[in-house]
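Please walk me through this structure.

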Amino acid sequence: MKPSLNEILRATLETLNIDSEDWEKNIRSRKGYIIRAKELFCTLAAEEGHSYVKIGLFLGVGHSTPLHHAKTFKAYCELYPTCYDLIKSA
């Protein structure tokens with residue numbers, strides 16, 4: 001059984017040491033740590049089999065935004081292999 005988006009978000013925030021209140025307050029911001037959290041969340045959710053449409057609805061954005069976040073995170077992982085450690089730890 002695949003984890004829910006709430007469970008994936010919880011794991012993402014725990015891995016990146018982001019408080020859930022801080023996440024809720026800044027979810028629409030362009031702060032670097034929030035963007036990184038969105039990228040990791042979208043990557044994990046997509047790898048667990050959630051559609052980009054469903055992920056977008058969860059975040060309150062269109063389907064192309066989660067797709068972009070996942071692609072960006074995977075590109076960072078290609079440049080910086082330590083990014084894979086974040087996926088493993090989440």
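This is a predicted model: local features need pLDDT of at least 70, side-chain atom pairs count only at pLDDT 80 or more; totals for chains, interfaces and linings use all residues.

The mean pLDDT of the protein chain is 94. Of its residues, 100% reach 70 or more. Confidence is lowest in α6, with a mean of 84. It is highest in α4, at 97.

Now look at helix α3. It runs over residues 32-47 and has 16 residues. From its first C-alpha to its last it reaches 23 Å, close to the expected 22 Å. Its buried residues are I34, A37, K38, E39, L40, F41, C42, T43, L44 and A45. The cover over these buried residues includes α1 (5-15), α2 (20-26), α4 (52-59), α5 (64-79) and α6 (83-89). After α3 comes G49, which has a positive phi, near 100 degrees.

Next, the core. The largest nonpolar core has 21 residues. W23, F41 and I55 touch the most other members. At least two residues of this core come from each of α1, α3, α4, α5 and α6. The largest share is that of α3, with seven residues. Take F41 and set aside its neighbours within four places in sequence. F41 is then in contact with L5, I8, L9, T12, I55, F58 and L59.

Charges come next. Side chains of opposite charge can pair when their charged atoms come close. The count here is one salt bridge. R36 pairs with E39, and their closest N and O atoms are 2.3 Å apart. How does the helix place them? R36 and E39 are three residues apart in helix α3, so about one helical turn separates them. An α-helix has 3.6 residues a turn, so residues three or four places apart point the same way. R36 is partly exposed, at 30% relative accessible area. E39, in contrast, counts as buried, at 4% relative accessibility.

Finish with the cysteines. How many disulfides does the structure hold? The number is zero. A disulfide is a covalent bond between the sulfur atoms of two cysteines. Consider C77 and C83. For the sulfur of C77, the closest cysteine sulfur is in C83, 4.0 Å away. That is too far for a bond, because a disulfide needs the two sulfur atoms within 2.5 Å. The closest cysteine sulfur to that of C83 is, in turn, in C77. Both residues count as buried: C77 has a relative accessible area of 1%, and C83 is at 12%.

Technical notes. Residues are numbered from 1 along each chain as its sequence is written. Side-chain values use heavy atoms; hydrogens and water are left out. Buried means under 20% relative accessible area, exposed over 50%, partly exposed in between (1.4 Å probe, protein chains only). Helices (H or I, at least four residues) and strands (E, at least two) are DSSP runs, numbered from the N terminus. The expected span of a helix is 1.5 Å times one less than its number of residues. Contact means heavy atoms within 4.5 Å. pLDDT is the predictor's confidence in each residue, from 0 to 100. A nonpolar core is a set of buried Ala, Val, Leu, Ile, Met, Phe, Trp, Tyr and Cys residues joined through side-chain atoms within 4.5 Å. A salt bridge is a side-chain nitrogen of Lys or Arg within 4 Å of a carboxyl oxygen of Asp or Glu.
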